[in-house]
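Subject: Structure handover and notes

Dear colleague,

I am passing the structure below on to you, together with an account of what was found in it. Please read the notes with the model open beside them.

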Amino acid sequence: MTERQTDLPATDYGLLARQLEALLDTRDALTNSAQTCAFIMQSVPGLNWAGFYLHRLPETLVLGPFQGKPACNPIPFSKGVCGAAARSRETQRVEDVHAVADHIACDADSRSELVIPIVSDDGLWGLLDLDSPLPGRFDDQDQAGIEALMTVFAARTDLATL
Ligand code: SME
């Protein structure tokens, strides 16, 4: 168990999952991805960027709906934390982005990062990327909680509509 290195209050991810289920009242992937990143940005403290990268080109991630500063686009599968998540299809949690050699610094303020791949029957659909200006912002509970939110998102969304 990795302890979060910040003194932010714990987030009630069970409550957030129920709220997200209620919020996603269409099956449209554009609407739901926009709503989901806005909801996470408002509900999870200590973030400076929350958004989706979509697998719309071969071995390439294309910037999708997001909240925060304008971001890097496109991102090849070969690069950065997002690329690692796309290649491995496993969540990437980075306590200190300065320690990651090929981290792509879209915003110099970002210090820690959580990237969750979203996989459908058709393969990798895209991923959710969360950035924080706080080192070690994300712990095991945050990872499990945000992964559960992505399970809600994928279950309530027709991913083929985007
Ligand atoms: N830092 C990411 C790039 C995306 S931005 O943070 C929005 C990476 O290294 O993949």
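In the largest nonpolar core, which has 27 residues, the members that touch the most others are Ile40, Phe52, Leu130, Ile146, Leu149 and Met150. A nonpolar core here is a set of buried Ala, Val, Leu, Ile, Met, Phe, Trp, Tyr and Cys residues joined through side-chain atoms within 4.5 Å, where buried means under 20% relative accessible area, exposed over 50% and partly exposed in between, with a 1.4 Å probe and protein chains only. At least two residues of this core come from each of helix H1 (13-23), helix H2 (29-43), strand S1 (49-57), strand S5 (112-120), strand S6 (123-132) and helix H4 (140-155), and H4 gives the largest share, with 5 residues. Helices (H or I, at least four residues) and strands (E, at least two) are DSSP runs, numbered from the N terminus.

Before going further, please note that this is a predicted model, in which local features need pLDDT of at least 70 and side-chain atom pairs count only at pLDDT 80 or more, while totals for chains, interfaces and linings use all residues. Residues are numbered from 1 along each chain as its sequence is written, and side-chain values use heavy atoms, with hydrogens and water left out.

Helix H3 (residues 80-88) is largely enclosed by the rest of the structure, because 7 of its 9 residues are buried. The buried residues in H3 are Gly80, Val81, Cys82, Gly83, Ala84, Ala85 and Ala86, and they pack against S1, strand S2 (60-68), strand S3 (75-76), strand S4 (92-94), S5 and S6. Arginine 89 follows H3 and is found in the loop between H3 and S4; its phi is positive, at about 55°, although it is not a glycine. Arginine 89 is partly exposed, with a relative accessible area of 44%.

The ligand is surrounded by 13 residues, of which the closest are Val81, Cys82, Ile104, Cys106 and Asp131; a residue is taken as near a molecule if one of its heavy atoms lies within 4 Å of it. A polar backbone atom of valine 81 is 3.0 Å from an oxygen atom of the ligand, and a polar side-chain atom of aspartate 131 lies 2.7 Å from an oxygen atom of the ligand. A nitrogen atom of the ligand, in turn, is 3.2 Å from an N or O atom in the side chain of glutamate 113. Of the 310 Å² of accessible area that the ligand has on its own, the protein covers 99%, with areas taken from the Shrake-Rupley method and a 1.4 Å probe, and, for residues, only the protein chains shown counting as cover.

The strands form an open sheet of 6 in the order S3-S2-S1-S6-S5-S4, with antiparallel pairing; two strands pair if DSSP finds at least two bridges between them. S3 and S4 are the edge strands, each pairing on one side only. S1 and S2 run antiparallel and are joined by 6 bridges, and tyrosine 53 stands opposite leucine 63 in S2. These two strands form a hairpin with 2 residues between them, and glutamate 59 in that loop has a positive phi near 50° and is exposed, with a relative accessible area of 53%. A hairpin of 6 residues joins S2 to S3, and in the loop between these strands lies proline 74, which a cis peptide bond with omega of about -10° joins to asparagine 73.

Finally, asparagine 48 is found in the loop between H2 and S1 and counts as buried, at 16% relative accessibility. Its side chain and that of aspartate 107 are joined by a polar contact of 3.5 Å, meaning a pair of N or O atoms within 3.5 Å, where within protein one must be able to donate a hydrogen and the other to accept it, and residues adjacent in sequence count only if both atoms are side-chain atoms. A polar atom of the side chain of asparagine 48 also lies 3.4 Å from the backbone nitrogen of serine 132.

With best wishes

Notes:
Contact means heavy atoms within 4.5 Å.
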